[in-house]
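Here are my notes on this one, as promised. Have a look at the structure first, then go through the points below.

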Amino acid sequence: MTYDSRGTARYHSPKKKSFFQRLCSQWQLALMSVPIFLYVLLFNYAPMWGWINAFKDYGNRKLVARGITPFNGLDNFKWLFSRPDFFVAIRNTLAMSIINLVFGTVSAVLLAVLLNEVRQKMFKKTVQTVTYLPHFLSMVIVVAMAQNIFASNGPINDLLLGLGIVKQPVFWLGEGKHFWWLVGIINVWKEVGWGTIIYISAMTAIDPALYEAAAIDGAGRFQKILHVTLPGIKSTFVILLIMNIGHLMEAGFEIQYLLGNGLVANYSRTIDIFVLEYGTQNMDFGVATAAGIFKSVVAIILLVGANFISKRLGEETLV
Amino acid sequence: MRKLLAVLLTLALLGTLMVSFAAAEELEPITLTVFRGDPGDQPYEDNKIYKKIEEEFGVKFEFEFLAGDLDETLGLKLQDLDDLPDLFDGGNSAETLIDAGALVNLLDYVNPEDTPNLWAHIEPQKNRIITKDEVTGEDVMYIIPNYGLGEGEQIVNSVGGPAFFIQKQVLAWAGYPEIHTLDEYFDLIEKFIAENPTNADGTPYIGFDILCEGWRHFCLINPVQHLMGRPNDGEVLVDVTKDDFPTETFINQPYAKAYYKKLNEEFKKGIISQDTFVMSYDQYIAQLSSGIVLGMFDQAWDFGDATNALLTDKKYENTYVALGLVYDEDDVAAEDMPEGWTIEEHYVNGSLPNLDRGFGISVSCKCPERIVAMWERMLDYDWQMLFNWGVEGEDYSVEDGRLTMTAEQYANTQDIEWQRHNKARAFFESSPKRQGYIMEGEFAGQCWEPGNQDEIVFGLMNDYDKDFLSHYGYSKFGDFVNPPIELAPYGEAWQIDKADIQKDYDDYLRIQDEQLPGIIMASDDEFDAKWDTFVNDITPSADIYANFMHEQILKLVAAYYGEE
């Protein structure tokens with residue numbers, strides 16, 4: 001129970017209300033949260049029973065189909081960590097996540113700030129709509145477009161050749177070193193408009209009086225952005241950042257799966273693809289679950305860590 | 001006397017009653033639930049063939065087609081073995097159904113006495129079709145192959161499987177030469193491109209495409225066995241001339257290097273574009289359909305959509321001919337060859353029963369006897385004619401004792417909407433069927449399948465193709481390759497289930513996917529080093545795979561010859 005500085009004597013009464021008494025007194029609220037509680041229980045906690053598969057041997061499809069899946073201790077985890085390409089997958093996942101996080105956040109904040117400064121309403125709405133429409137496109141379509149745009153004889157290479165920047169067409173899709181950045185750029189294109197929505201709504205919540213006060217103090221447009229707008233969305237920014245850090249182990253699956261090929265496999269194979277190739281595809285649910293557990297554990301550590309640091313810095317926290 | 005007559009009459013009456021009862025029981029109408037492991041189209045209520053089936057057998061079908069992922073769907077269905085579709089086609093994952101015990105052993109119902117038709121149908125291949133259960137050791141047959149049990153001589157009108165393909169216009173441009181080796185093939189493409197860099201629209205030609213996407217990577221990794229003269233065994237080279245069937249992976253052998261060296265040279269000449277290694281299947285089909293790809297290694301069924309698109313656009317000169325290329329003597333040094341190996345072109349294999357593909361009867365089916373009896377009757381001449389050719393006068397006609405169709409009638413059979421009214425496709429495709437030549441009755445010597453009948457193959461062939469073939473003096477496109485070789489006793493090795501060594505097999509494929517494109521694109525000074533790295537990296541998993549395949553092949557051979 002929080003301590004209220006203006007609290008009265010009865011607030012400090014030695015008879016603290018028990019959990020159930022409090023629950024009864026707030027029964028309406030409790031009732032409202034029952035569906036959410038059940039939802040989480042059913043879809044988030046109950047499936048955790050499936051974690052038991054991580055300790056079973058699903059290695060032989062024929063035996064699995066007959067229902068023979070003996071326990072094998074930590075063998076699945078040992079197998080995972082004996083694979084050099086699992087570590088490559090972790091590296092790729094983190095690299096692409098971080099690129100996505102940085103590109104995604106920076107571009108969304110930047111676009112939100114720019115849109116916030118636009119006074120012409122029609123223009124603002126149009127830009128907003130145009131930038132967030134790609135969010136609704138299927139990744140299959142986005143990747144097909146990217147494959148054409150970045151092809152050796154595609155428009156990007158035509159442009160670079162035409163401007164004399166390169167002499168030979170750049171092999172965007174076939175060289176590993178380009179892959180992470182391509183994923184980052186495609187993700188920005190697809191998600192930037194969507195990402196701005198939340199920042200723009202945070203900006204509308206900023207008290208206009210602050211801008212007026214800043215103007216009276218002689219602040220120009222850039223100074224207003226710097227000293228009013230950005231601090232105004234800081235708490236939103238931090239909360240989103242913490243949540244995104246919790247998702248760092250999820251660099252995505254579709255885009256890498258669709259855009260990847262043998263040549264760039266060492267840069268495109270994320271943990272999810274690794275799981276598909278070595279686990280799910282062969283019905284080896286043991287290995288797939290083991291990798292899933294590993295991902296979850298790392299994600300929890302990252303989330304709690306980011307939350308802790310944020311608390312230390314005196315910023316917003318999730319819990 | 002009168003008494004006797006009365007008794008006899010009563011008996012006769014009783015007998016009739018019993019017979020009619022029995023008959024009534026037999027014909028009690030039922031609806032069978034049917035699952036097909038591939039996408040398809042529901043037939044209409046007024047479908048004429050299904051109506052006939054209902055009249056004679058009292059059987060109606062309720063079809064469910066695959067929508068979504070096959071393995072996922074099968075997994076869901078297998079959750080409850082008491083509620084399976086009666087007729088269950090597991091598509092390309094039928095092994096899952098068998099492994100899960102979802103299908104009844106058809107040998108409980110199929111035998112020479114009760115089902116002479118079905119028995120005669122499988123008899124020639126029974127050593128492949130009937131296998132031993134791994135656990136109980138009893139003879140089992142869960143699925144009667146839906147295709148590949150042809151009668152009479154094998155029909156090869158065209159190459160349906162793997163080959164090096166080349167656009168007809170390239171051969172026509174060069175004056176219809178015979179092409180048999182890699183060098184001749186690529187020389188021709190180079191010369192053609194040198195003189196015709198672009199098509200009529202100004203789009204540059206692509207000399208040679210190599211599709212590498214996903215499971216279709218056979219275009220990249222399979223050609224070497226064919227260059228060595230063998231039909232499709234997947235990823236191993238088997239010496240069928242020796243009693244112990246020596247088996248090796250070919251991709252890490254010196255003779256494979258010659259092919260990838262050739263591709264490397266062509267890459268540097270610009271015949272192969274770097275984009276081929278990153279293109280998706282859809283892009284590949286789009287490229288082929290636009291008629292700018294001059295050649296590729298592929299299997300004919302894999303680019304059927306492109307062929308159809310070209311035919312629809314009447315770009316006949318851009319459609320492909322299958323060539324059976326083999327290594328020339330000086331392509332591979334003698335010491336690099338497997339011991340005692342001679343190269344002779346065999347792209348087309350003896351016909352192979354489509355093992356474990358087609359309908360099985362599920363364990364939850366209430367009337368397996370009735371289904372088997374129905375199949376038994378359906379193998380009769382009249383039903384097979386109905387399924388294959390349709391109704392005489394409506395769907396086909398007989399001229400001078402030959403079965404034939406008009407162009408319109410044949411086009412109908414390819415039209416999905418028409419099929420939904422007039423063909424029992426969803427049922428027949430997965431059922432046992434007679435193929436090849438009709439061996440009995442007035443049409444003996446003609447073809448079960450309209451698509452194979454001379455009147456249709458040649459009668460309805462477009463003029464470009466007729467003219468093209470006449471320059472070679474051939475009557476069909478299958479004449480470009482050698483006649484089928486006798487099927488090896490183990491069948492085709494790619495059919496072997498690799499579940500027991502799955503992870504090593506995955507590694508083996510993955511290393512090829514990741515490194516072969518790089519080798520083809522390597523510069524001169526890198527090529528050998530990259531090749532050596534590749535051989536080094538792949539040999540451990542390749543050895544495991546080759547040994548496993550050899551064991552399995554020996555098992556299949558023993559089973560084929562009926563040894564224990």
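1. Starting with the interface: 21 residues from chain B and 20 residues from chain A take part in the contact, where contact is scored when two C-beta atoms, placed from the backbone, lie within 7 Å. On the side of chain B that touches chain A, the elements giving two or more residues are α4 (94-99), α12 (281-289) and α21 of chain B. The most comes from α21(B), with seven residues. By class, that side of chain B has six nonpolar, seven polar and eight charged residues; Ala, Val, Leu, Ile, Met, Phe, Trp, Tyr, Cys and Pro are nonpolar, Asp, Glu, Lys and Arg charged, and the others, Gly among them, polar.

2. A word on the basis. This is a predicted model, with local features needing pLDDT of at least 70 and side-chain atom pairs pLDDT 80 or more, while totals for chains, interfaces and linings use all residues. Residues are numbered from 1 along each chain as its sequence is written, and chains are lettered from A and ligands numbered from 1 in the order in which they are written.

3. Staying with α21, B:Y505 sits in this helix (residues 502-520) of chain B; helices are DSSP runs of H or I, at least four residues, and strands are E runs of at least two, numbered from the N terminus. B:Y505 counts as buried because it has 20 C-beta neighbours inside 10 Å (20 or more is buried, 12 or fewer exposed, in between partly exposed). Beyond its neighbours within four places in sequence, B:Y505 contacts B:K498 and B:Y545. B:I544 is 39 residues away along the chain, with 8.3 Å between its C-alpha atom and that of B:Y505.

4. Now chain A, which has 16 helices and zero strands. Buried residues come to 27% of the 319.

5. Which helix of chain A does α6 (residues 121-132) cross at roughly 125 degrees? That is α9 (residues 176-204) of chain A, and the two axes come within 6 Å. A:Q128, A:T131 and A:Y132 in α6(A) meet A:V192, A:G193, A:W194 and A:I197 in α9(A). This contact has four nonpolar, three polar and no charged residues.

Key: Axes fitted to C-alpha atoms, helices over the stretch in contact; angles between N-to-C directions.
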